[in-house]
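Dear colleague,

I am passing on a structure to you with this email, and below it I have set out what was found. Please read the notes with the model open beside them.

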Amino acid sequence: MRKWCIFILLFIARLAYGQFSDEQLYQAYMQGNLTLWGQYIDAQDWDKLTHNERKRLINYEYGYIPFLADQKRMQEAAKYLVSYQQHLACERAYLSKADYTAYLSAASAYAYLLDKSKLLSEGMQSFKLAKQAVEFDPHNVIAMTLKGNVDFYAPKLFGGNKQKAIEMFLEAEKLMEQDPNFYYLWNLPAMQLAIAQCYDKLGNTNAAMQQVNKILTKHPNFKYVKQTYLPELKQKKQKK
């Protein structure tokens, strides 16, 4: 009887984990509904996770916080930011210097995102750390995409440069496309969209359209790109 109970518990545990596969979390990202991400993050028992599982969780927290902020769910974003920062501090010794510094840069960026009065503190710290992360490992795609995001969003006065952002993103895209680990990770389509947005902001609508077509070839169910961003680009192109 005891063995049977243990078997049932293990089966339930595996079933629960299966509900949060990278493929399912990727599909949730494609639909622009990250409710499943919140469920996955909330369901984790940090103390019982392996280091690989902790790293995976941190990467989803990294993507979930700005989503909440974009949805104007600032109190929730602030709560998850605290957990994210705690997890980073706890796992520092087991992350590469580039990963840790990039994720730390994101934490500072999110702190500024939630409180715009922190531009000179958290905002500048994010910019500094993003640069350091790439210096630690020029081929670390997390560091590269974080640096690209900082270059994209930072004002020119503080070193922002959308052309540099595109170049960094394009290098990271090549590396991610060659790595099967990124097949169902949200990081790749998010960064590919950022490439299109960079081209768009620089006034190169044709290049942005080409990038969007590439995205939809790879990610045909990317709801935001298909239903919102692509129609917007087509309107811009018609006006030129």
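**The largest pocket**

The largest pocket is lined by 39 residues, and those that lie nearest its centre are P66, Y110, L113, N149 and Y153. Please bear in mind throughout that this is a predicted model. The space in this largest pocket comes to about 1400 Å³, and its lining divides into 28 nonpolar, nine polar and two charged residues. At least two lining residues are supplied by each of the helices α4 (51-70), α6 (97-114), α7 (119-136), α8 (141-153) and α10 (187-201).

**How α4 and α6 pack**

Two of the helices that supply the lining, α4 and α6, have axes that come within 11 Å of each other and cross at roughly 20°. Since angles under 35 degrees count as roughly parallel, α4 and α6 are therefore roughly parallel to each other, and their crossing is left-handed. On the α4 side the contact is made by K55, I58, N59, Y62, I65, P66 and A69, which meet D99, Y103, A106, Y110, L113 and L114 in α6. The residues of this contact divide into 10 nonpolar, one polar and two charged. P66, Y110 and L113, which take part in this contact, are also among the residues nearest the centre of the largest pocket.

Helix α8 packs against α9 at an angle of about 160°, with the two axes 8 Å apart, and that makes α8 roughly antiparallel to α9. The crossing of this pair is left-handed. From α8, the residues V141, M144, T145, K147, G148, N149, D151 and F152 meet K162, K164, A165, M168, F169, E171, A172, L175 and M176 in α9, and the residues of this contact divide into nine nonpolar, three polar and five charged. N149, one of the α8 residues in this contact, is also listed among those nearest the centre of the pocket.

Helix α9 (residues 162-177) also packs with α10, at an angle of about 150° and with the axes 9 Å apart, so α9 and α10 are roughly antiparallel to each other. Here too α9 passes α10 in a left-handed crossing. The α9 residues K162, A165, I166, F169, L170, A172, E173, M176 and E177 meet N187, L188, M191, Q192, A194, I195, C198, Y199 and K201 in α10, and this contact divides into 12 nonpolar, two polar and four charged residues.

With best wishes

Conventions:
Residues are numbered from 1 along each chain as its sequence is written. This is a predicted model: local features need pLDDT of at least 70, side-chain atom pairs count only at pLDDT 80 or more; totals for chains, interfaces and linings use all residues. Side-chain values use heavy atoms; hydrogens and water are left out. On a 1 Å grid over the protein atoms alone, a cavity is a set of points where a 1.4 Å probe fits but cannot get out, and a pocket is an open set with protein on both sides within 12 Å along at least five of seven lines; lining residues have an atom within 4 Å of a point. Grid points are joined across faces, edges and corners, and a volume is the space filled by probe spheres set on the points. Helices (H or I, at least four residues) and strands (E, at least two) are DSSP runs, numbered from the N terminus. Ala, Val, Leu, Ile, Met, Phe, Trp, Tyr, Cys and Pro count as nonpolar, Asp, Glu, Lys and Arg as charged, and the others, Gly among them, as polar. Axes are lines fitted to C-alpha atoms, for helices over the stretch in contact, and angles run from 0 to 180 degrees between N-to-C directions. Angles under 35 degrees count as roughly parallel, over 145 as roughly antiparallel, 65 to 115 as roughly perpendicular and the rest as oblique. A crossing is left-handed if the near helix is turned anticlockwise from the far one by less than a right angle, and right-handed if clockwise. Contact means heavy atoms within 4.5 Å.
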